[in-house]
Amino acid sequence: MRWRTAFTWLVFLSVEISLFLAFLYAPPDVVLGETQRIFYFHVASAWNGLLAFTVVFVAAVAYLMKRTPEWDRLALASTEIGVVFITMGVVTGSIWARFAWGVWWEWEPRLTSSFVLWLMYVTLLVLRNLVEDPDRRARLSAVFGIVAFVDVPVVFMSIRWWRSVHPVVVEAGGKLNLEPPMVLALVASVISFTLLYLLLLMERLTISKLEADLADIKRTWKERTSGVE
Amino acid sequence: MGAAGAVGWWPQVSALLWKELRSESRTHDSFTPMLVFAFTVVTVFGFGLKLAGVSLRPVFPGLIWISTYFIGFLGIGRSFAGEKAQDTLAGLRLVPADPSYIYVGKLLSNLLFLSALEAVSIPLQFALLGVEFTAPLLPFAGVVILGTTGFAAVGTLLSGLATHTRAGEILLPVLAFPVLIPAIIGAVQATASLLGLGNALDWPKWIGMLAAYDVLFVAVSLVVFDFIMES
């Protein structure tokens with residue numbers, strides 16, 4: 001477990017560095033001032049949501065082909081973490097909209113698409129809670145994970161088209177002209193959040209494995225004790 | 001399609017479709033509630049929205065599709081409930097044909113019921129909510145058919161999925177609506193364009209999107225449906 005500890009420290013360090021770059025190193029935006037700094041966390045969270053849901057899709061396909069519980073545990077772990085990141089993406093997007101456009105919510109394509117994404121994967125978690133049998137739960141949630149992921153590009157495209165036929169009340173707050181220090185802060189945030197995603201994923205998988213082992217032990221114990229009677 | 005030595009695939013689809021129609025004609029379990037609900041919905045829209053002197057025309061495309069999908073869930077949610085209650089899913093799966101015949105048979109029967117429903121509910125909404133029908137008939141029918149097909153494709157698949165959960169068919173709208181968002185956008189925009197609300201030249205684009213959505217989700221459903229039917 002030594003490398004896990006080392007990796008945890010690496011993640012900690014990279015998050016610290018990206019915090020420094022986002023808050024102290026990068027200059028404030030000309031138009032939006034200090035509030036623009038939320039952008040680094042917003043982009044990194046949204047990117048990780050997409051990454052997590054891609055992993056869910058891959059794990060779902062792999063589960064349906066291989067039928068080993070490890071793939072289902074990966075799908076579950078990635079769904080949960082993805083929901084956390086996409087929630088952060090939507091919330092930071094909303095806060096940013098408040099300061100950039102003056103409203104808490106704007107039906108802007110990317111923000112709206114993220115929200116629909118959030119909706120689909122929260123639904124996937126709801127679905128998981130409503131099936132008792134582990135094999136059936138894994139199978140049904142894999143199917144929904146595939147259906148949801150296939151829908152993602154269609155959602156993005158349709159919302160983009162839909163937005164283009166409606167007059168835009170608030171224009172996306174002045175095209176961001178990113179200066180080199182800003183680009184560096186953005187790249188650092190994305191990398192450190194991705195590392196954080198990997199760390200959380202590993203931790204969640206360890207917990208799932210322990211849960212599965214515990215369930216096995218309990219089952220064996222029940223079988224043995226019921227045999228005695 | 002169809003394993004070696006299997007009975008034909010299409011005969012199975014038509015047998016299942018015929019079974020659905022006959023069962024519905026005897027029990028009236030899903031079409032009658034949908035039809036009655038369609039009348040109820042128009043009444044509710046009337047009382048809830050039609051204030052004196054206010055035209056519903058600008059929001060009418062949204063109203064038609066929201067009501068159609070909500071009414072549709074009532075019937076489509078029952079696609080597999082009967083099979084589960086009578087324990088006949090195992091029988092359907094014992095047929096030595098590719099199990100996708102079950103999906104296609106159910107999809108076609110759902111499409112038939114939904115089309116019959118819309119033939120009543122859509123004109124009814126135009127008439128009772130006082131919105132003049134100004135759209136060219138053929139493209140309008142095309143939008144209705146494509147919007148309904150997308151709904152039925154996703155609804156039939158997820159209805160099978162919801163049946164196997166603890167919540168049962170109640171879960172269907174929860175599962176299906178997020179996935180259906182592109183279909184709702186496409187159907188509402190195409191209808192709006194045809195009714196002269198917004199850009200009148202937009203509808204071919206949205207019809208194309210709806211068609212692509214339908215093809216995509218029928219294809220995906222055919223691939224994954226078998227995994228739902230295992231239990």
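This is a predicted model: local features need pLDDT of at least 70, side-chain atom pairs count only at pLDDT 80 or more; totals for chains, interfaces and linings use all residues.
**View 1. The largest nonpolar core.** This core has 101 residues. Residues of both chains are among those with the most contacts inside it: A:Met120, A:Tyr121 and A:Phe144, together with B:Leu158, B:Leu161, B:Val179 and B:Leu180. Helix 5 of chain A, residues 134-164, gives the most to this core, with 14 residues. Apart from this core lies another, of 25 residues, which includes A:Trp96, A:Ala188, A:Phe193 and A:Leu201. In soluble globular proteins, nonpolar side chains tend to be buried together.

**View 2. The surroundings of A:Met120.** Not counting residues up to four places away in sequence, A:Met120 touches A:Phe144, A:Ala148, A:Asp151, A:Val152 and A:Val155 in chain A. In chain B, A:Met120 touches B:Pro178 and B:Val179.

**View 3. B:Ser30 in a loop.** B:Ser30 lies between helix 1 (9-27) and helix 2 (31-49) of chain B. The relative accessible area of B:Ser30 is 10%, so this residue counts as buried, the cut-off being under 20%. The side chains of B:Ser30 and B:Glu24 make a polar contact of 3.2 Å. With neighbours within four places in sequence left aside, B:Ser30 is in contact with B:Glu24, B:Gly75 and B:Phe113.

**View 4. B:Ala153 in a helix.** Helix 7 of chain B, residues 137-163, contains B:Ala153. B:Ala153 is buried because its relative accessibility is 0%. Leaving aside neighbours within four places in sequence, B:Ala153 is in contact with B:Tyr103, B:Leu107, B:Phe217, B:Val218 and B:Ser221. B:Val104 is 49 residues from B:Ala153 along the chain, and the C-alpha atoms of the two are separated by 9.1 Å.

Definitions and conventions
Residues are numbered from 1 along each chain as its sequence is written. Chains are lettered from A and ligands numbered from 1 in the order in which they are written. Side-chain values use heavy atoms; hydrogens and water are left out. A nonpolar core is a set of buried Ala, Val, Leu, Ile, Met, Phe, Trp, Tyr and Cys residues joined through side-chain atoms within 4.5 Å. Buried means under 20% relative accessible area, exposed over 50%, partly exposed in between (1.4 Å probe, protein chains only). Helices (H or I, at least four residues) and strands (E, at least two) are DSSP runs, numbered from the N terminus. Contact means heavy atoms within 4.5 Å. A polar contact is a pair of N or O atoms within 3.5 Å; within protein, one must be able to donate a hydrogen and the other to accept it, and residues adjacent in sequence count only if both atoms are side-chain atoms.
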